[in-house]
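Hi,

Here is the model I promised to send over.

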Amino acid sequence: MMTLLLVLSLVWPLCVAGSAIWHAYRTPTAQVGYFSLLWISAAWPALLLAYVGESQWVIDAWMLGGLWELNALSRPWLAFTALLWSLAAVHARGYFKTEQSKAQAGDQDAQRRLIRLLLLWPLTLLGNVLLIIAQDIASFYLGFALMTFAAYALVVHSGTAEARMGAKAYLILAVIGEGLILGGLLWAAGEAETLSLEGVREGILLADQGVWMATLLWLGFGVKAGVIGLHVWLPLAHPVAPAPASAVLSGAMIKAGLLGWINVLPLGEPDVSASLVQLGNIMLVAGLVAAFVAALYGVFQRHPKAVLAYSSISQMGMLTALVAMGLAAPEVWPLLWPGVVLFAAHHALAKGALFMGTSISEHLPRWPLPLIWGLLALPGISLAGAIGAGLISKWSVKGPLYEMHHETLTKLLTWAAVGTAALVSVALWRQWQQRHQGGSNQWQWGAWLVAIIAALLTPLWLPLPAGSVALPPAKEWLGIMWPFPVGLALATLGWLCLRRSHIKAPPAGDLWWLYALAVATMLAPVRSFGHYCGKLKASSVVKTQRAEATLMGYLTRLLSAESWMRHHASGLMMVLAVVLAALLMWEGQR
Amino acid sequence: MNAAWLPLTALATSLLVTVVIFALPEEARKARTIINLLAAVAKIVLVILMVRRVAAGHEDVFSFQVVGGIDFVLRADALGVMFAGLSSLLWLCTTIYAIGYLEGSANRKRFFGFFSLCVASTLGIALSDNLFTFLIFYEMLTLSTYPLVVHSGTDKALNAGRVYLRYTLTAGVVLLLGTVLLYSLTGEHSFSSEEGLGDYLNDHRGLLTLIFALLVGGLAVKAAMVPLHGWLPRAMVAPAPVSALLHAVAVVKAGAFGILRVIYDLYGIELSVELGVTTVLAVAASITIIYGSLRAIAQTELKPRLAFSTISQVSYVILGVSLFGPFGTIGALAHLLHQGLMKVTLFFCAGNYAEELGIHRIDEMDGAGKRMPLTSIAFTVGALGMIGLPPVAGFITKWYLGIGAIQAEMYWVVVVLVASSTLNAMYFLPILHRLWFRLGPAHGKGQWPKEQRLGRLETHGWLLWPMVFTALASLGAGLLAGMPFSPLDWATRVAIGEYLP
């Protein structure tokens, strides 16, 4: 039964993609229902699979040997990922309504864009599901690569210049990330002679060079997870992607980087080497820096989705810091990891709801304003930790840290939540400024409402190990909730102070522009060297050809000597005979 | 029981076809096609028989003495059968393709005659059991390929043919010199003998190194290693099926296969490591890999870009050979097959674009995915495989090469592999972007350079189906690499034979 469901959850997205293409080409233009119920159902088998139970599959014929598993970690991960994908698909059905009617009216561009999305959305989903259940390197890498490259179509969907730019940044960084991951996996797997992710963890733990393997993998997956310095694609890609695509990008796909870390880094191993602990500390600092700096940079953004992208970077910074604790303070990891999963799941759904909310505020339904804006704000408030699942997920990571006496980190995380609060307030403010009336439909806001509810109730439906998550004790509530009002107040205060002065908003993508400049400067000498080499080659070819021609000239002249020899053949023969005779005589005399 | 007829018949099928084709008149199109296809299928059956014999532990030998001390020997061993399998499978595919490609053009008798001869020589190279036999077929390959390269008869083609002959004939002389030196040192030396040349190490170290340099130097020209690669990009003027065969199995692979034979079966891997030649070879291969990729980026036409990609990819085989250890060997052998399948797919696609739409330059490919979806999907599969992304076969070999490099403690090789993957992505992903994401004539923007409607489907069926088959094969070889008799499985079998005698 479970095996059937597993096969279904992997094959179903493929079938969905196939049938979508089939219908798009076979039915007359005016009748194509692009976002059919079948298409929406792509993630349902996977969602069901997560709730059936734990299991393991070994498939020898699959690539380098397949090992797939639903365990305590991959089950909840699959659950929240598949749920978000399902909701985003429903949302997409409403979101693309206008584009669909354009396509049905015969707009070729819209048709092309929609067909592309219909095909590559399920493929991206397939990659995401595969990488979660995979426990062998090849399947994991396959899932990761499939997800990464297929998602290009989601980012570039609208085809505008900004979209192409964002997609380009996404792709360049993705290729760099794939390279780093490949290097790290090869190194670790080669040293340990293993084909499973567990083997990689052990290999990194035992090898002398383990810290370098871990660094490569940290940075490689860090491209997805938005580690500071490698995060630049996020604020460029998110504002240009359609809202449902941003939702899965920010909710599910960047979490794949996080899952990659948890899968390959030796977290929570008691006898971890000193250098790995050092790496853990570096990760910790990088994570905290990202958490704060992204918040500071993000509040100045104009586009609500750019603000939300910076919020994602900030949140992933916190998660980076928490994962780093698995290396820097291994004893805390067994208690901490369920909290990390809950944190990730809650962020996935809440961020998904926030991104879907951006499309709601652009097409406001005719509801009472306070209700809409209250609903729009809810996931943000929860994300800052003031209500619902946010409160519990904050406690589920802070509790273990308190228990193991890491008060400084908990304090820093709490302050980082102030940044989160400020960011979501600014995002909401920007949405208010850019609001539009009308045009939304029940699919759009239905999925959004379910996402909000799912985000607020995350601990109730997430299949975490029993007893790993608890409600915070009453006296701790205030300590978790205070960042939201403070953040809100800070944002308001900042707005009041800066209202008069006209500061230009810093460009989204911050360091990207610096990198682009650096690469352009570096390429100039390379290019001139290339020109020089080309000239050198051309001139040497010319020289060689000239030398060859001269040589052939000599040879030809030698050939002309032949006729002279033919002419004087008898005389020459005579000379030869005389010389031979003389030689013989000389020989005889000795 | 020795089935001496088996290797001989396998060789004879292609040779006989050559004779028959030359005997038939130019107009006998149908008869030629039928004979060609029947022979190709028969050869595949024979090779499957050989595979089963080898898997059961038999090695069939056919031999006779030419002059005293020099024998002509054919032997079906695991490594040879592997190459023979690739050669016969791709012969069928390229023949079908060529029939469609050359429909209605002139000089088809000459073309198919030499085509069969070329394939016959590859099979001979695969099955030859000593250097003498190898050399005969190697030179036969050189000469039989020339008419194919210059087939169109234009000035450009003739020039390319001249360059090709200059390179390969000079290399042949160098190879001959090495062979003669080796025979004068050791006498007859079978590839299958267990001893290797280790006995001569103490007295003739310098000479052994010199012979190695001559042999590998001669072979490296066909394997298109930098700086001996100059002929390959020019040979791109040949018709698409020839390019496909040239790059996937015939010429380039013959060189790589020869180097495999020299290192594993003539010298023995231990002796090669002892002489220190493998490190030199690894460096040379790495330079070739990076240089080929860099030059490929600079190309603006499709076929030259693929040609430089071949230069880079074939050196993966050499790189794998020069890594001491079973994983490197498995990677090298599997890549021999995988690269063949993927590259042949890419060249079929390039040929289809050129035939159907007149596309030669990369910037003409905008939006071709809509006009020719199957071709473009096949191209995508091939390109992703070249980058080394799973689940295409290229990932499997890249993985084994990387593991092999780590186990041989040559960490810089991993850097080369990763850099090469990135460079591959840099020159293949833009093409894929053009195919699928840009607007072009298929969307009503501009015109194809020279559009023909060759078939009911996106192009002529003879051109389409071989390409679909090889694309599926390259996907299957990666996705189901764990199956028995997959390229990876067979490569593992050969490698175990090399390292655990």
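**What I found**

The largest nonpolar core runs to 399 residues, and Leu84(A) and Val155(A) have the most contacts inside it. Keep in mind that this is a predicted model.

I followed up on Val155(A). Setting aside neighbours within four places in sequence, Val155(A) is in contact with Ala163(A), Gly166(A), Ala167(A), Tyr170(A), Ala237(A), Val240(A), Ala241(A) and Ala245(A).

Chain A also has a hairpin to look at. Strands β1 (residues 55-59) and β2(A) pair in the antiparallel sense, with five bridges. Trp57(A) has Trp68(A) in β2(A) as its bridge partner. Six residues sit between the two strands of the hairpin, where Met63(A) takes a positive phi near 45°. As for cover, four of the five residues of β2 (residues 66-70) of chain A are buried.

On to where the two chains touch: 22 residues of chain A are in contact with 21 residues of chain B. On the chain B side, the elements giving two or more residues are α17 (393-407), α18 (411-437) and α19 (461-479). The largest share, six residues, comes from α18(B). By class, that side of chain B has 14 nonpolar residues and seven polar ones, with no charged residues.

One item from the records: an unreviewed UniProt entry annotates residues 128-421 of chain B as "domain: NADH:quinone oxidoreductase/Mrp antiporter transmembrane". In the model that span is 77% helix and 0% strand, and its end C-alpha atoms lie 35 Å apart.

Cheers

Technical notes: Residues are numbered from 1 along each chain as its sequence is written. Chains are lettered from A and ligands numbered from 1 in the order in which they are written. This is a predicted model: local features need pLDDT of at least 70, side-chain atom pairs count only at pLDDT 80 or more; totals for chains, interfaces and linings use all residues. UniProt positions are given in the numbering used here, feature names are shortened, and annotations may be inferred rather than shown by experiment. A nonpolar core is a set of buried Ala, Val, Leu, Ile, Met, Phe, Trp, Tyr and Cys residues joined through C-beta atoms within 7 Å. A residue is buried if 20 or more other C-beta atoms lie within 10 Å of its own, exposed if 12 or fewer, and partly exposed in between; C-beta atoms are placed from the backbone. Two residues are in contact if their C-beta atoms, placed from the backbone, lie within 7 Å. Two strands pair if DSSP finds at least two bridges between them. Ala, Val, Leu, Ile, Met, Phe, Trp, Tyr, Cys and Pro count as nonpolar, Asp, Glu, Lys and Arg as charged, and the others, Gly among them, as polar.
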